[in-house]
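I opened the notebook to record what I looked up, entry by entry.

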Amino acid sequence: MALNLSDLTSPSTSDDVLSDIYTTADQGDGIALMIDLSDNEIDATQSTALYQPVAYVNSVDGTFARFDGIDDRMSFTLASPIINGTVFFATKNGCHSAAINLVAGTHDFTANELSSVSYGSSNDLVALYLFDYAVPEAQISQLTSYVVSKGAAENSSP
Amino acid sequence: MAETHRYFKCEAATYTQLAAAVDQSRGYPHGVGTRAVTLRGLPPFDELELANDNSGRGLIAIDKWRFTPSDDEEMLAPAIQAGLIEELTKEEFEQFTFPLTP
């Protein structure tokens, strides 16, 4: 079975910039590519195996990317426009959203960090969304329900 | 919680040979010509943080699960025996990453 979270794409988030995780990797494989499922084609990559998060896709754990919490990271390059909006992390122990301002250039992310800013503490990423506008609370709630149905946890663990 | 990583301090030329051996054993690079390319198994030496003891050796933490049964015997043991790669505890590793106090 391959890791394939492409069904995470929600009609309500069609204008996101970097959206869901998608790759083809078997359980335990390193993830070299996460494809941007929006029309913006801002894929995230990692060409060094040691830094690649690991694909989890099984009926016990669910489907997600596990970062090791030390040096695993994915990178994407933002040309333009500059992102001034909202980031949304969906992880196995909580969902986190926050305002974000990203300049053009290359940005790294893990399951709990984007461009050196922390969001929660999970190492298990179900999905990552970037919006180039301030997402209203109602849409955050809708998105949270959606990713929870795909294996994310709603609230952060204490 | 059980330790998930192994920690090493490596001499540059030895590390570079080790990285090449890892690439060969794992079949890297693969996926060339696709977007899902994996170029190498380990980062190049010049991407490693240098130990703060002026030894010129690089520091690297590697997930335990990445080691195959033959890795220790065929790749690591000879270099460790020759003193060219040192395996550290996590505490020792962290000591080498912090600036030395005057």
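I looked just past helix α2 of chain B and found B:Gly83 with a positive phi of about 80°. The model is predicted, so I note the terms: local features need pLDDT of at least 70, side-chain atom pairs count only at pLDDT 80 or more, totals for chains, interfaces and linings use all residues, and side-chain values use heavy atoms, with hydrogens and water left out. Residues are numbered from 1 along each chain as its sequence is written, chains are lettered from A and ligands numbered from 1 in the order in which they are written.

**Helix α2 of chain B**

Helices here are DSSP runs of H or I with at least four residues, strands are runs of E with at least two, and both are numbered from the N terminus. I checked the length of α2(B), residues 69–81. The expected span is 1.5 Å times one less than the number of residues. For 13 residues that should give 18 Å, and the end C-alpha atoms are 18 Å apart, which agrees.

I then looked for a bend, taken as the angle between axes fitted to the seven residues ending at a position and the seven starting there. α2(B) bends by about 35° at B:Met75, and B:Pro78 follows within four residues.

Which residues of α2(B) are buried? I listed B:Asp71, B:Met75, B:Leu76 and B:Ala79. Buried means under 20% relative accessible area, exposed over 50%, and partly exposed in between, with a 1.4 Å probe and protein chains only. The cover over these buried residues includes β1 (5–10), α1 (12–26) and β4 (85–88) of chain B.

I count a salt bridge when a side-chain nitrogen of Lys or Arg is within 4 Å of a carboxyl oxygen of Asp or Glu. The structure holds 10 of them over all chains.

B:Glu86 pairs with B:Lys9, with the closest N and O atoms 3.7 Å apart. B:Glu86 lies in strand β4 and B:Lys9 in strand β1, so this pair ties together parts that are 77 residues apart in sequence. B:Lys9 is buried at 4% relative accessibility, while B:Glu86 is partly exposed at 30%.

B:Glu86 also forms a salt bridge with B:Arg57, at 3.0 Å between the closest N and O atoms. B:Arg57 sits in the loop between β2 and β3 of chain B, so here the parts tied to β4 are 29 residues apart in sequence. I noted B:Arg57 as buried, with a relative accessible area of 16%. A network of salt bridges links B:Lys9, B:Asp53, B:Arg57 and B:Glu86.

**Between the chains**

How many residues does each chain bring to the contact? Chain A gives 18 residues and chain B gives 19, with contact meaning heavy atoms within 4.5 Å. The two chains bury about 1400 Å² between them, 53% of it on carbon and sulfur atoms. That area is the accessible area (1.4 Å probe) that the two parts lose on being put together, summed over both. I found one salt bridge between chain A and chain B: the side chains of B:Arg35 and A:Asp43 meet at 2.3 Å, N to O.

A cis peptide bond joins B:Tyr28 and B:Pro29, with omega about 0°. I placed B:Pro29 in the loop between α1 and β2 (49–50) of chain B.
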